[in-house]
Amino acid sequence: MPVELRRAEPPDAEFLLELLADDDVRQFLGPRTAATGDEVLEEIERSRSQSEGFGHFVIELDGEPAGMLGFHVANELSRIARLERLAIHPRFRGRRLADEAARRFQRLLLEELGYHRLELEIYAFNERACAHAERAGFVREGRKRRAYRYEGDRADSVLYALIPEDLV
């Protein structure tokens, strides 16, 4: 499967906004996720200007935008990156595209950008994302009980990480 990752560019804003607004995606994103075209464009520009510490990437399949993922630096001194916003467009779901994209992203961040540790945090009720994280090689490290406000209640999250020794 010819999966490619590339840094998002301004012409991708409409695709990214459509993906972020998808009902099956939006429910699993944090409250500070970009929700307008201007916010998406600001994040794209930040990704381009602060490429070592922040990034929004487009997942492509056969040259066509199929999804997105991103990261931001969580700890510069220790070289820890926090992964976020992995989402696949509905037309491309069910092909394990996210698994291949995640593995490519891991190598990009660890080998090319020099991060030592990749972390991600998933709402515990998002069982599909938890299963994906484990398939992609992330190690489950713990659970934050009732950590986040979610739809008027509190939700647990699950913490995952990956270090170079975990790469397959």
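At 26% relative accessibility, Glu100 counts as partly exposed, a class that lies between buried (under 20% relative accessible area) and exposed (over 50%), as computed with a 1.4 Å probe on protein chains only. The model is a predicted one, in which local features need pLDDT of at least 70 and side-chain atom pairs count only at pLDDT 80 or more, whereas totals for chains, interfaces and linings use all residues. Residues are numbered from 1 along each chain as its sequence is written, and side-chain values use heavy atoms, with hydrogens and water left out.

Glu100 is paired with Arg104 in a salt bridge whose closest N and O atoms are 3.0 Å apart; the term denotes a side-chain nitrogen of Lys or Arg within 4 Å of a carboxyl oxygen of Asp or Glu. Because the two residues are four places apart in helix 4 (residues 97-112), about one helical turn separates Arg104 from Glu100. Helices (H or I, at least four residues) and strands (E, at least two) are DSSP runs, numbered from the N terminus. Arg104 is likewise partly exposed, with a relative accessibility of 34%.

In total, the structure holds 20 salt bridges. One of them joins Arg6 to Glu60, with 2.6 Å between the closest N and O atoms. This pair links distant parts of the chain, since Arg6 belongs to strand 1 and Glu60 to strand 2 (residues 54-61), 54 residues apart. Arg6 is partly exposed at a relative accessible area of 25%, while Glu60 is buried at 15%. A further salt bridge connects Glu76 and Arg79, the closest N and O atoms being 2.7 Å apart. Arg79 is placed in the loop between strand 3 and strand 4 and is buried, with a relative accessible area of 18%. The backbone of Arg79 has a phi near 60 degrees, a positive value in a residue other than glycine. Arg146, also not a glycine, has a positive phi of about 45 degrees; this residue lies in strand 6 and is exposed, with a relative accessible area of 54%. Salt bridges also link Arg82, Arg117, Glu119, Glu121, Glu141 and Lys144 in a network.

Arg7, in strand 1 (residues 3-7), is buried yet has no salt bridge. The nearest side chain of opposite charge is that of Glu52, 6.5 Å away; in this assignment Lys and Arg count as positive and Asp and Glu as negative, whereas His and the chain ends are not counted. The side chain of Arg7 instead makes a polar contact of 2.9 Å with the side chain of Ser47. A polar contact is a pair of N or O atoms within 3.5 Å; within protein, one must be able to donate a hydrogen and the other to accept it, and residues adjacent in sequence count only if both atoms are side-chain atoms. A polar atom of the Arg7 side chain also lies 3.1 Å from the backbone oxygen of Phe54. With neighbours within four places in sequence left aside, the residues in contact with Arg7 (heavy atoms within 4.5 Å) include Asp12, Ser51, Gly55, His56, Phe57 and Phe71.

His56 itself is located in strand 2 and is buried, with a relative accessible area of 3%. Residues up to four places away in sequence not being counted, the contacts of His56 include Arg6, Arg7, Glu43, Ser47, Met68, Glu84 and Arg85.

Glu84 and Arg85 also feature in the largest pocket, where they are among the residues nearest its centre, together with Phe28, Leu29 and Leu86. On a 1 Å grid over the protein atoms alone, a cavity is a set of points where a 1.4 Å probe fits but cannot get out, and a pocket is an open set with protein on both sides within 12 Å along at least five of seven lines; lining residues have an atom within 4 Å of a point. The largest pocket is lined by 45 residues and holds about 1,500 Å³ of space, the volume being the space filled by probe spheres set on grid points that are joined across faces, edges and corners. Strand 4 gives the most to this lining, with seven residues. Elements that each supply at least two lining residues include helix 3 (37-49), strand 3 (64-75), strand 5 (117-123) and strand 6 (139-150).

Pro164 is found in the segment after strand 7 (153-162) and is partly exposed, with a relative accessible area of 34%. Beyond residues up to four places away in sequence, Pro164 touches Leu110 and His116.
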